[in-house]
Amino acid sequence: MKEIKKAERRNTTGQVVTRLREDDTAKMAVIPLSYHFVGIGGCGMSGLAQVLAQKGHQITGSDTQSSEVTEKLERAGIRVNIGHKAEAVPRDVDCVVVSAAVPEDNPEWLQAQEQGVRVYKYAQMLGKLSRQMSTLAVAGTHGKSTTSGWLAYVLQQAGMEPSFVIGAEVGQLGGGSGAGKGKHIVVEACEYDRSFLNLRPRVGAILNIERDHLDYYQDINDILSAFGEFAGLISEDGLLVANGDDDNVVRALSLAGRQDAGGTTGWRDASGTAGRQVAGGTASGPTRCEYFSLEDKGDWQVRNLRFEAGQGCFDLIYRGIRLESVKLTLAGVHNVANALAVAAMARSVGVSIEQICVGLEGFTGADRRMSYKGNVQGVVVLDDYAHHPTEIQTTLEAIAAKYCRSERPGRLWCVFQPHQHSRTRFFLSEFASSFRWADIVLLPDIYFVRESEQLRREVNAGQLADRINENGGEARYVGELDNIVETLVREVQVGDVVVTMGAGDVWKVADELICRLG
């Protein structure tokens, strides 16, 4: 197989950023190849493997343990080895694809090098696939999984049979990934490690931009630069969908300085005026940009917005024209904004307004996004993935609006597991002020991932509990997840709502609590 040339540079923190240059992907499109996936049980990896299998390629894989995902792959005819060993790599394999979690000393990675086989990271291979299909990519600091899942659902309900690779399980789609027979693929575009710069979308969305992943990015300017690059990778005949209410999004596009639909240099801003001028003429990227807004700043807007039990009801507006009335199943004002992004992206690939609205109303959400786990002895138990201060505040507000109304005067318990010591240290003040909608916050130890022992010693969950209390909240550092379950079993009362929250394994508390209360 042709060797892929790579573009290598360093970001502002000095880390090497490697991604594929435009390469000859025609061979991948017309000649069946064989791929071996190391870590195939992951949500993205399994989805990518299924899509390639659907396109006629031979797929094998391996993972550390058996799971529902690996069993599903086996049923689809994909051979999966449990455990990582050199002999799992087929002798005649064309390419090996590794997940981000696989280290370079993995025996299968080493075997691939021994055989002279090209090794791709997941993001690189997804980028290659994006060149072969009509790719719709959803980027942003928050809301990527919900919005990409929602978009895939709308396309599926419209009969387009899309493929999709999403970072969360979506029950209505049969999982977090799938291979359809249509020409479109919906992907979640992750900004960590600048992974999304491997993609070549036809339609791309930027939902919002905030500081995050500060273990990789230096500051907000570094982040804005990356999102601006992402916008420039959308095909010239494609569409960028952007949040006109988010100053950072507008700033990122202004800094990117792309071509406006009217022919002037620079993106249109949300009011339709040209953005920053670019010396030397036209930049790369799409010629069209549509903004969505809840504040009358965009092409896609809402009017008569109201909330019934936390769920948004509104008139859908496009360029001043009322299209339909919509009542969402999902709660929270943030999901009204997400719905506008879905509508804009779906309309751009030919879905009718009627079909879009049916899909907007029918979507029930992604796993671990305000997921309802049960009501046991009068206690509602929820689970959510929020791990950034903005996500926490937004989600707790939506939960309070939906579940903690006057007819249900119980307390809102939040079991928050901080994710990464570095994120906790960077956002300690912001975290401390994010829990005002919760009556009681219980904190286990920080979930440890990809960090040094020194960072682990510098910050702990007890410090976060102290800061929350200093801000007028009620927080307790409890430590072990088992101890949190015991605390809840002792203290929850009829009418209370409990939400487990975080990107680690805090969901186990919700499952165990339901068992214990039942």
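This is a predicted model: local features need pLDDT of at least 70, side-chain atom pairs count only at pLDDT 80 or more; totals for chains, interfaces and linings use all residues.
Figure 1. Asp299 is buried, its relative accessible area being 9%. The side chain of Asp299 forms a salt bridge with that of Arg319, with an N to O distance of 3.0 Å. Glu290 joins Asp299 and Arg319 in a network of salt bridges. The structure holds 19 salt bridges.

**Figure 2. Close-up of the salt bridge between Asp383 and Arg368.** The N to O distance between the two side chains is 2.6 Å. Asp383 belongs to strand β19 (residues 379-384) and Arg368 to the loop between α10 (353-362) and β18 (371-376); the pair links distant parts of the chain, 15 residues apart. Asp383 is buried at 3% relative accessibility, and Arg368 is buried at 9%.

**Figure 3. Close-up of the salt bridge between Glu458 and Arg425.** The closest N and O atoms are 3.6 Å apart. Glu458 lies in helix α14 (residues 453-458) and Arg425 in helix α12 (residues 421-426), and this pair links distant parts of the chain, 33 residues apart. Glu458 is partly exposed, with 40% relative accessibility; Arg425 is partly exposed, with a relative accessible area of 39%.

**Figure 4. Close-up of a negative surface patch.** Glu68, Glu71, Glu74, Glu169 and Asp367 form the patch. Glu68 is placed in helix α3 (residues 68-75). The relative accessible area of Glu68 is 70%, so Glu68 counts as exposed.

Notes: Residues are numbered from 1 along each chain as its sequence is written. Side-chain values use heavy atoms; hydrogens and water are left out. Patches are made of residues with over 30% relative accessible area and no salt bridge: like charges are joined within 9 Å, nonpolar side chains (Val, Leu, Ile, Met, Phe, Trp, Tyr) within 5 Å. Accessible areas come from the Shrake-Rupley method with a 1.4 Å probe; for residues, only the protein chains shown count as cover. A salt bridge is a side-chain nitrogen of Lys or Arg within 4 Å of a carboxyl oxygen of Asp or Glu. Lys and Arg count as positive and Asp and Glu as negative; His and the chain ends are not counted. The place of a charge is taken as NZ of Lys, CZ of Arg, CG of Asp or CD of Glu. Helices (H or I, at least four residues) and strands (E, at least two) are DSSP runs, numbered from the N terminus. Buried means under 20% relative accessible area, exposed over 50%, partly exposed in between (1.4 Å probe, protein chains only).
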